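User: I'm new to this one and would like a close look at a single part. Please take me through the interface slowly, then show me a few other spots.

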Amino acid sequence: MTQDLIPIYIYSRKYYVPEGSTIITALEYLGFKLKKGVGCKEGFCGACASLYRLKGDYKLKGGLGCQTVVQPEMQIVQIPFVPAPKAVYKIEELQPDPEIFVRYYPELYRCLSCNTCTKICPQELQVMDFVQAAVRGDFEQVANLSFDCIMCGLCSARCPAEITQFNVAMLARRIYGKYLMKKSTFLEQRLKEIESGKYEEGYRELMSLSQEELKNRYFQREIDFQIT
Amino acid sequence: MGYPDYMYESIKLVEATRPRRAEMAKEGLQKFLKPLSAEEREKVLRDNHPDYQPEARKPIRVGPNKGEHLTSEVVDILERPSRLPRDFKLEPVDYETDVLVIGGGGAGCQAALWAAKNGAKVILCTKLRLGDANSMMSQGGMQASVNPGDSPLIHYLDAIGGGHFDNKPELLKIMTSEAPYIVKFLEELGVIWDKLPDGHYQTQSGGGASRRRMLSCRDYTGAEIMRVLRDEVRNHPEEITILEFLPALELIKDEEGKAAGAVLFDMETGQYHVVKAKVVVLATGGFGRIHIRGFPTTNHYGATMDGLVMAYRAGARLLHMDSVQFHPTGAIYPPQIHGFLITEKIRAMGGQPVNAKGELFVYPMEPRDVEASEYIQECKKGLGVRTPDGQYGIWLDSPLIEILHGSGTIERAFPAMFRQYKRFGIDIRVLPMLVYPTLHYQNGGVEIEENCHTSVPNLLAAGEVSGGVHGRNRLMGNSVLDYNVFGRRAGIEAAKLARETEIKGRLNVDHVWEYEEELKGEGIETKGYSPLLLPEYRNLESLKRHRTEFDPFAPAGL
Ligand SMILES: Cc1cc2nc3c(=O)[nH]c(=O)nc-3n(C[C@H](O)[C@H](O)[C@H](O)COP(=O)(O)OP(=O)(O)OC[C@H]3O[C@@H](n4cnc5c(N)ncnc54)[C@H](O)[C@@H]3O)c2cc1C
Ligand code: SF4
Ligand code: SF4
Ligand code: FES
């Protein structure tokens, strides 16, 4: 199949690449050996944050290199990672108290509500909204709104208030998961059973079966998708 | 973007059969379709599965597994010489530590955390950023027997049958009996599991499991666990030093033959770094990026089998390295997402595999190897859908999910998948996905025992790089569990071992040279080096004017 080539600019130089390339595959096509700025290649890790400008558009845009299809005359740079302060804390000593944001990320309260973060987020998350939820101390809402964050760093690279939205959200989610979600009572029971050695005899028996007996046991096992 | 016009002819046929197939699903597919019998399974595997093709395996001529048949591409990489120059000096030592963890995925982070908790000083080195790993990508979930109608014993039975009874029983016992504890441990770190209103876990079924046992975090399960582990590792700067963009190249031993560190390689500057350590934990993950039999892969960019190569040269035995997991549903169109994983949960929730004519041709929940073989067979029969670049795929009818579970289900349960396709102009709520099997998982690896020891003293291994726990076929949800259980155990054992260990005599890489002598002795001359470190995707045309002497990654024979 012959592919049409289109012009793009990488680190300011002009190149021609096949139409339909992503930023990452365009770089590879041109002979760049990627040693940074790439990870999963599937939109899950946030390693491939890139900035670009389109022809005739004054806006600086951001996207994931592995998910963004190049367009004619696009100007591209990669941002392998965004240096960002991360609070160091002992999770077991924290409380689900909004005070922790004041302590660890005081710049949070400087948010100008400019919405720049939301506009650039390649996951299309309501970033400003979760920042505002953190300001209000609403852990659950931060957790829900930020859940699909892949920590690419683009929001914080553009934030005029120098907030590291993704680290704030990380802290909020961990607090929510650890302290605020309802616990399973049955899990504790299962753990006690295991600790008390309830299954040891069963394991001994299974592990002493001959290959033949084990196969029979397996193929005859009951299949039951009820929870209780 | 979106599908090319000609594909809509086939999509129309899929739409035409959809209402009927929805009825069938409501009544229970088992009524209309039977899983294959043992003989039928055997036949479809033999005729179609990549592992069963004649050139798929060959004997390895050197090293601890000499004479054994392994996957051919694995053999090719193992039979290459090292990247270290012969006059290489292990001086000066750049870093000294109790425990060196190689690999910054889930297994590596668990190992580092638990070694630190148990009093060891740790260095964790990794090839890309911390968390750029297969662990970040798992979507479907993690198995653990957290429901009353289930038990660790049933989990054990499911996994050993799934593994074709080749699993090491003592490893499987540990994995299945520690699973519920891992759920709790991760929750205490702040992992947000999908839950029911009463606080109990939402669980799904999965291929080969006889109970609902799959815990999830939307379809970002791996990302959620991985980013929490990464955050926690970064909460211990005193005990854990993180070295990013610094892959290991070879292991180092002391005069007694114990593992005693590694040579790291800065891919940007070309500099070597020497780490001296009392214990080494290998957590480098799998091999998807070696593209066995030319298949695309679901794996991350750094999954190039490095740890296996280093360990093998150091004398570690491998187990089950003759079997490869192909996932039935990889994306085959649009080309930008070729090979990407479509989670098994799509089928678990009713998305049916159908051919170009819109016919449901296979029971959707066969074990992965069987299901994949059936798709390959259907395409061979000419009933696949052709892509513009001449490949074939079958439809995975995602819109059925909205019909069966109500509209809005896809966006809620599969945000990652929905987003993935939307980026390329395809709305999977109304259009099916085109799929074909993709290279997914390294079933075998470096053989370990209960406390993660390999056959090389003071070299431990955990996670996808290790072999034994899954036998020759891993079930969905058991590898996230695996890296958590054994990553933790490796960390605890490493700290203990470090306290008892004294590094004796001269640090050396003599095993590397001995291995090369063995290659020579067998008359093996190969182009290129291993470990690969990075896969090669540069356009060969663009490398024509390439000065290979400046490029440690220059493809062999350029
Ligand atoms: C797309 C996808 C979906 C999946 N879904 C599921 C699922 O739903 N359920 C499930 O149970 N399993 C799933 N798996 C499998 C599971 O995610 C992996 O098997 C598991 O995460 C492996 O963990 P690990 O820590 O051993 O390896 P990884 O997470 O891959 O980590 C290995 C690390 O080592 C680093 N490394 C490699 N070479 C070197 C070197 N030379 N020097 C230093 N560092 C190096 C890598 O860069 C990486 O950071 C999935 C896998 C993929 C790819
Ligand atoms: S919230 Fe910020 S870090 Fe997270 S995905 Fe969006 S832009 Fe990236
Ligand atoms: S970019 Fe910064 S200041 Fe603007 S809304 Fe987002 S967090 Fe607030
Ligand atoms: S490489 Fe992981 S998101 Fe792009």
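Predicted model: local features only at pLDDT ≥ 70, side-chain atom pairs only at ≥ 80, totals over all residues.

Analyst: Let's start with a term: buried area is the accessible area, taken with a 1.4 Å probe, that two parts lose on being put together, summed over both. The size of an interface is often given this way. To find your way around, residues are numbered from 1 along each chain as its sequence is written, with chains lettered from A and ligands numbered from 1 in the order in which they are written.

Now the interface. Chain A and chain B bury about 7,800 Å² between them, and 59% of that is on carbon and sulfur atoms. In terms of contact (heavy atoms within 4.5 Å), 77 residues of chain A meet 94 residues of chain B.

A salt bridge puts a side-chain nitrogen of Lys or Arg within 4 Å of a carboxyl oxygen of Asp or Glu. There are 64 of them over all chains, and 13 lie between chain A and chain B. One of these links A:Arg174 to B:Asp231, with the closest N and O atoms 2.8 Å apart. That pair runs from helix α7 of chain A to helix α7 of chain B, residues 221–234; helices here are DSSP runs of H or I with at least four residues, strands are E runs of at least two, and both are numbered from the N terminus. Another salt bridge brings together the side chains of B:Arg211 and A:Glu222, at 3.4 Å from N to O.

Polar contacts are counted as well: pairs of N or O atoms within 3.5 Å, where within protein one must be able to donate a hydrogen and the other to accept it, and residues adjacent in sequence count only if both atoms are side-chain atoms. Between chain A and chain B, 46 residue pairs make such contacts, both residues being at pLDDT 80 or more. On the chain A side, the elements that each supply at least two residues are α1 (23–29), α5 (139–146), α7 (165–180), α8 (185–195), α9 (200–208) and α10 (211–219). By class, that side has 41 nonpolar, 14 polar and 22 charged residues. Here Ala, Val, Leu, Ile, Met, Phe, Trp, Tyr, Cys and Pro count as nonpolar, Asp, Glu, Lys and Arg as charged, and the others, Gly among them, as polar.

On to the ligands. A residue is near one if one of its heavy atoms lies within 4 Å of it. Ligand 3 has 14 residues around it, and A:Cys111, A:Cys114, A:Asn115, A:Cys117 and A:Cys159 come nearest. The shell around ligand 3 holds 10 nonpolar, four polar and no charged residues.

Ligand 1 has 40 residues around it, with B:Ser135, B:Gly141, B:Ala248, B:Glu464 and B:Ser479 nearest. Oxygen atoms of ligand 1 come 2.8 Å from a polar backbone atom of B:Val480 and 3.0 Å from one of B:Asn134.

Most residues other than glycine have a negative phi, and most peptide bonds are trans. A:Tyr11, in the loop between β1 (5–10) and β2 (13–18) of chain A, has a positive phi of about 45°. In chain B, a cis peptide bond joins B:Glu91 and B:Pro92, with omega about -10°, and another joins B:Tyr333 and B:Pro334, with omega about -5°.

Conventions
Heavy atoms only, no water.
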